[in-house]
Structures are given as structure tokens and as C-alpha cells.
Amino acid sequence: MYKITLIPGDGVGPEVIQALLYILEAVDLKLDYTMACAGNACFQDTGSTIPDETILKAKRSDATLFGAVTTVPGQKSAIITLRKELDLYANIRPVKSYLGTNCLYNDLDLVIVRENTEGLYSGIEEYTSDGATALRVITNDASEKICKFAFEYAEKNDRKKVTAIHKANVLKKTDGIFKDAFYRISNDFPKIHSEDKYVDAAAMFLITKPDNFDVIVTTNLFGDILSDEGAGLVGGLGMVPSANIGDNNALFEPVHGSAPDITGLRISNPSAMILSAVMMMDHLGETSEARKLENALLDVLNERKFLTPDLGGSSKTMEMAEEIRSKLI
Ligand code: NAI
Ligand code: MG
């Protein structure tokens with residue numbers, strides 16, 4: 001029995017979580033769910049976007065499944081706070097093409113490992129007399145930790161190359177620290193090829209020659225941007241899952257946000273949420289159930305009969321979920 005905290009959040013978050021739970025009923029795993037709130041609706045109810053109780057529940061569970069939240073300017077970011085409080089220092093974002101999804105490339109399989117606790121998302125921002133300043137915090141410790149994580153991930157998953165992405169030519173000190181940490185750590189992994197690229201060129205190569213990448217390791221903001229770019233290569237934000245991993249906790253969420261433009265229409269693509277649950281099962285060591293769930297989704301994508309509009313279909317979220325579930329029964 002695994003203790004799972006569920007944080008549906010706002011917008012399409014509750015919709016994709018509902019679809020996932022319906023599908024998980026047909027999976028052969030004992031999951032003990034606890035609901036917790038975060039985000040804007042939570043703020044209206046409790047006065048906090050991320051109540052202490054939610055953080056505590058997430059800390060005490062084997063894994064957390066997070067839908068998406070709407071971030072309102074001036075409010076504390078629920079997901080960034082959770083990542084920090086649980087010290088989920090590694091954000092893994094696989095960019096993989098699945099047939100049937102209008103991908104720009106049919107055989108893409110790369111992974112972005114994003115530093116998740118510092119960089120420009122450190123939350124240190126203040127107004128000045130004529131504008132505002134944000135502090136970009138890069139430490140040796142966090143840089144080494146995330147680079148080590150990326151090389152170990154490459155080793156475990158039989159990948160050949162790790163590329164560090166940075167802008168050390170301009171951000172000489174901060175990204176200098178990151179790049180140096182990367183090459184220090186690379187010495188411990190002689191079998192894996194290591195290279196580095198500037199973020200601007202990498203953003204272009206990700207579109208023109210994505211096959212050149214295998215595992216990417218990068219700082220917080222660059223990882224956020226490049227993973228949405230990656231999503232664009234493989235069928236859009238409805239397709240890309242993520243894992244936030246720390247030494248004691250793990251949280252799984254789609255890369256997308258609350259999608260206010262389609263909220264309430266019940267047409268959100270549940271795939272990214274389902275693939276996040278697949279990552280959770282792999283993390284928990286339940287690899288055979290993970291493959292079953294992934295294959296059920298792949299079958300439905302390949303058949304192209306029950307797809308949401310972002311994938312070129314006309315099905316509702318729950319119609320697609322129903323079809324995926326039927327493959328598991
Ligand atoms: P978004 O990811 O919510 O939406 C961008 C585009 O992708 C929209 O056109 C949306 O309809 C589409 N999309 C996203 N998920 C989809 C799905 N499952 N199925 C089909 N189409 C999907 O990003 P946006 O619009 O920039 O942000 C909306 C809100 O979400 C903001 O308040 C933002 O702060 C928040 N956000 C929250 C995140 C989180 O909870 N981790 C991550 C990113 C944004
Ligand atoms: Mg993002």
C-alpha cells in the first residue's frame with residue numbers, strides 16, 4: 001500500500017487528476033489517497049496558496065501527484081514552495097515522441113534534468129527606485145548535486161551523453177560555477193560523454209537537431225523554458241510529464257499549467273498527467289504496472305479514435321480516459 005497525496009489545484013488540474021484516478025482504479029496497485037489543497041482556489045478557502053497541512057501531507061506520503069495551479073501575481077507560488085520545502089532538487093522532464101500525437105519528430109527521446117531549488121527562481125526579488133531586481137543564486141553544492149543526478153540518471157537509463165546548458169559567456173560567475181561543477185562531476189563518469197552548450201544556441205539546436213541531445217542538465221529558468229520548447233516538439237504541453245525528486249520525497253506533475261483558455265470545456269489532454277503517474281510508478285519500483293499503464297495510453301494514441309482536440313481529435317477528457325481504462329481491464 002502506497003500513501004499518495006493528491007493536489008488537484010486549479011483550472012484543468014482537477015480535470016486531469018479526475019481522469020487519472022478513474023484510470024488508476026483499473027491498475028493493480030494499492031494506493032491510499034489523501035487530498036490536499038494548493039493554488040488559487042485554496043487561497044480563497046484558506047488564505048494560503050500552500051497551507052502547512054499540504055506540505056506536511058506531501059512530506060509524509062510515498063509520493064505526491066500534483067495537477068496544476070493558477071499563479072496570481074503577489075501570491076506565493078505553491079509549486080515552487082513545495083519543491084523547496086520538500087527539497088525536490090531534481091526536476092526530470094522526458095521529451096519523448098509517441099505515435100499519433102502530431103509530433104514534429106517521430107523518434108525523439110531526450111530528457112531534461114532541471115535544477116529545481118535555486119537560480120532565478122530563488123524568490124529573491126525586490127523593487128528598486130526605477131524597476132526591480134531578481135537575484136540569480138547559483139551554488140556549488142546545488143550545481144554538483146544536480147549534475148551528479150543527471151550523470152547517475154544517464155548511467156541507470158543506459159544513456160550515452162549529458163549536455164550542460166548555460167550562458168557562462170555572459171553570466172560569467174553564476175554559470176561559471178555551474179559549468180565548472182558539471183565538468184568536475186563528469187570526471188566520475190568517464191563512460192558517459194559530456195559536453196556543454198550555450199542556452200541560446202541550444203534552443204535552436206533543440207528544434208533543428210534534437211537528436212543531438214540525450215540527457216540535458218541545466219539551471220532552473222533555462223530548464224523551465226527548454227522543457228516547454230521540448231513539449232512543442234512532441235505534441236504539445238498535454239503530452240509532457242515530470243518528476244520532482246529529492247532524497248526523501250517525490251512529486252509528479254504534468255509540465256503544463258492550469259490552462260485557463262480551456263478550463264471548464266472538459267477537453268484537456270490527460271496524457272501528461274497519466275505519464276506523470278507512470279513516472280511515479282517507476283519511481284516506486286512498480287515497473288510492470290507502469291509499463292501496462294503507459295502501453296494503454298500508447299494504444300489509445302496510436303488508434304487516434306479518442307483524442308482530445310490538442311491532439312487533433314474531438315473527444316472530451318473523460319472519453320479519452322474511458323478508452324485508456326478499457327485497455328487495462
Ligand atoms: P499552460 O501550460 O496552462 O497553457 C499553455 C497552453 O497549453 C494553453 O493554450 C493551454 O490550453 C495548453 N494546454 C496546457 N495543458 C493542456 C492540456 N492538458 N491539454 C490541452 N492543452 C493544454 O500555461 P499558461 O497559459 O502560460 O499558464 C496558465 C496558468 O498556469 C498561469 O497561472 C501559470 O502561472 C500557471 N502555471 C502553473 C504551472 C504549475 O502548476 N506547475 C506550470 C505552468 C504554468
Ligand atoms: Mg513551465
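Predicted model: local features only at pLDDT ≥ 70, side-chain atom pairs only at ≥ 80, totals over all residues.
Residues are numbered from 1 along each chain as its sequence is written, and chains are lettered from A and ligands numbered from 1 in the order in which they are written.

**Domains and their contact**

The domain assignment, with bounds that come from an automatic or database source, gives domain 1 (1-94 + 238-329) and domain 2 (109-233). Their C-alpha centres are 25 Å apart. The contact between them takes 15 residues from domain 1 and 18 residues from domain 2, where two residues are in contact if their C-beta atoms, placed from the backbone, lie within 7 Å. Helices (H or I, at least four residues) and strands (E, at least two) are DSSP runs numbered from the N terminus. On the side of domain 1 that touches domain 2, α4 (78-85) and β4 (90-96) each supply at least two residues, and the largest share, five residues, comes from β4. By class, that side has nine nonpolar, two polar and four charged residues, with Ala, Val, Leu, Ile, Met, Phe, Trp, Tyr, Cys and Pro counted as nonpolar, Asp, Glu, Lys and Arg as charged, and the others, Gly among them, as polar.

|---|---|---|---|---|

A residue is buried if 20 or more other C-beta atoms lie within 10 Å of its own, exposed if 12 or fewer, and partly exposed in between, with C-beta atoms placed from the backbone. The buried residues of α8 include Phe 222, Gly 223, Leu 226 and Leu 233, and what covers the buried residues of α8 includes β4, β5 (109-115), β8 (161-166), α7 (199-208) and β10 (215-218). Helix α9 is mostly covered, with eleven of its 13 residues buried, and its cover includes α1 (13-24), β3 (63-68), β11 (241-245), β12 (250-254), α10 (287-303) and α11 (317-328).

A nonpolar core is a set of buried Ala, Val, Leu, Ile, Met, Phe, Trp, Tyr and Cys residues joined through C-beta atoms within 7 Å. The largest one has 91 residues, of which Val 113, Val 217, Phe 252, Ile 274 and Ala 277 touch the most other members. Leaving aside neighbours within four places in sequence, Val 113 is in contact with residues including Ala 90, Ile 92, Phe 149 and Val 217.

Arg 114 lies in strand β5 and is buried because 28 other C-beta atoms lie within 10 Å. Not counting residues up to four places away in sequence, Arg 114 touches Asn 91, Arg 93, Thr 218, Asn 220, Gly 223, Asp 224 and Ser 227.

**Around ligand 1**

Of the 21 residues around ligand 1, Thr 71, Gly 238, His 256, Gly 257 and Asn 269 come nearest, a residue being near a molecule or strand if its C-beta atom, placed from the backbone, lies within 6 Å of it. This shell divides into ten nonpolar, eight polar and three charged residues.
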